[in-house]
Every structure is written in structure tokens, then in C-alpha cells.
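This report looks at a strand and its neighbours, and then at the aromatic pairs. Please keep the sequence and the structure in view while reading.

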Amino acid sequence: MAKLIRGNAVVSDEWTLVALPVRDEPVKKQAGKAVLFKLTGEAAATDAEVAGVGIPGGKVIVPMSVWLGRHAELTARLAAGQLGVWLDSFEEPETLAASLHDINAFRVIAVNFPKFIDGRGFSVGRLLRERFGYRNELRAIGDVLRDQVFFFKRCGFDAYALRADRDAQDALAGLRDFSDPYQ
């Protein structure tokens, strides 16, 4: 079971995170050419990979590419409150907002932080809250560490799925690291 901080408490996570298949082959970058790679150099998911993702029953959080590629199939689960979506750090929240009438139909939107040094997700969270008016749970997933939780909260996140090797109570204390923000 994932270590999840929601609000100011450690809670059990009733949502299942669905992931795309892991690729084994390395991806070569090409300097000076326009390529369809995200900034980490990993190629975007193919239609076959999106179609092949198994989605279990219950409450699930699917990658945005799965939501976009299988929209018709997943709409009923969204209406039932059983579907959340997660964005990778290179994906634009504008794409998600354009895919449905009200972004608040998603009970949970998660933003993946693939590496501690990748801060693009902070901007994604801020955009979801301020530009697109998202009011439900905004969750940080991936390489989530204690040092980040205070800043996640400042950017609009209210739930944090910690790395498996981290202490949830210690991370919870990170929400109180600073009495006054310095920005």
C-alpha cells in the first residue's frame, strides 16, 4: 500500500495508479532536430501501448495518454467518480482541460515527478489550480520526498504519494518546515 499524505494526515490510498508499460530499449536523442521526445528523451506512448494498458476495477488513476486515447471507454467511469488522471511532467494541462467540459469531473488529478530535480510539475499544479480552476484532489506522485512537500502545498497540491523508501510521518512534518514563505 502506498504511503499517502492527504491534507495534514497519513491515510490509506483507495486509488490504484495505472502505468504505461516500461520500455527496455534506450532512446537516442538527436541534437538539432525537431523530435517528438519529452525532455527526458523518452518517446511518447504509442497507440498500441495505450490500447494495451490493463485497467482494473475500482478507483483508478490513469495516464493522460490513456484518458485521451480511450476517452469513450472511460467516460462512464469518470461519471461514476471512479476515474482520476495523471500527467507526466512534460504533459500540458491545457491538453487535459480541452478533453472535457469540466476538469472538476476528475476526483483526482495526479502530477508525476519522475526525478527530484524535475520541477516542471510544480508549474503544472499551479496551472491546474489557478488557470483551470481545478478544485478536487491534486496529488504529487513519483519521486516525492520530504523536502518538497511544503513547496507542493504552496503550488496547490493537497495530497502526496511518497516514495516507498520514505517515512510518511517525517514527510508530514515537512509541511511545517517554514513559518513564512519567502517568495
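## Strand E5

The model is predicted, with local features needing pLDDT of at least 70 and side-chain atom pairs pLDDT 80 or more, while totals for chains, interfaces and linings use all residues. Residues are numbered from 1 along each chain as its sequence is written, and side-chain values use heavy atoms, leaving out hydrogens and water.

Strand E4 (residues 60–63) runs parallel to E5 and is joined to it by four bridges, pairing being assigned if DSSP finds at least two bridges between two strands; Val60 has Leu83 as its bridge partner in E5. Strand E6 (residues 108–113) also pairs with E5 in the parallel sense, over three bridges, and Val85 has Ile109 as its bridge partner in E6.

## Aromatic pairs

Two aromatic pairs are found in the whole structure, the criterion being ring centres of Phe, Tyr and Trp (its six-membered ring) within 6.5 Å, with planes under 30 degrees apart counted as stacked, over 60 as edge-to-face and the rest as tilted. Trp67 and Phe106 pair edge-to-face, at 5.2 Å centre to centre and 80 degrees between the planes. Because Trp67 lies in helix H2 (residues 64–69) and Phe106 in the loop between H4 and E6, this pair ties together parts that are 39 residues apart in sequence.

Phe113 and Phe157 also form an edge-to-face pair, with 5.9 Å centre to centre and 65 degrees between the planes, and both residues are buried.

Terms used:
Helix = DSSP H or I, 4+ residues; strand = E, 2+ residues; numbered from the N terminus. Buried < 20%, exposed > 50% of the residue type's maximum accessible area, 1.4 Å probe, protein only.
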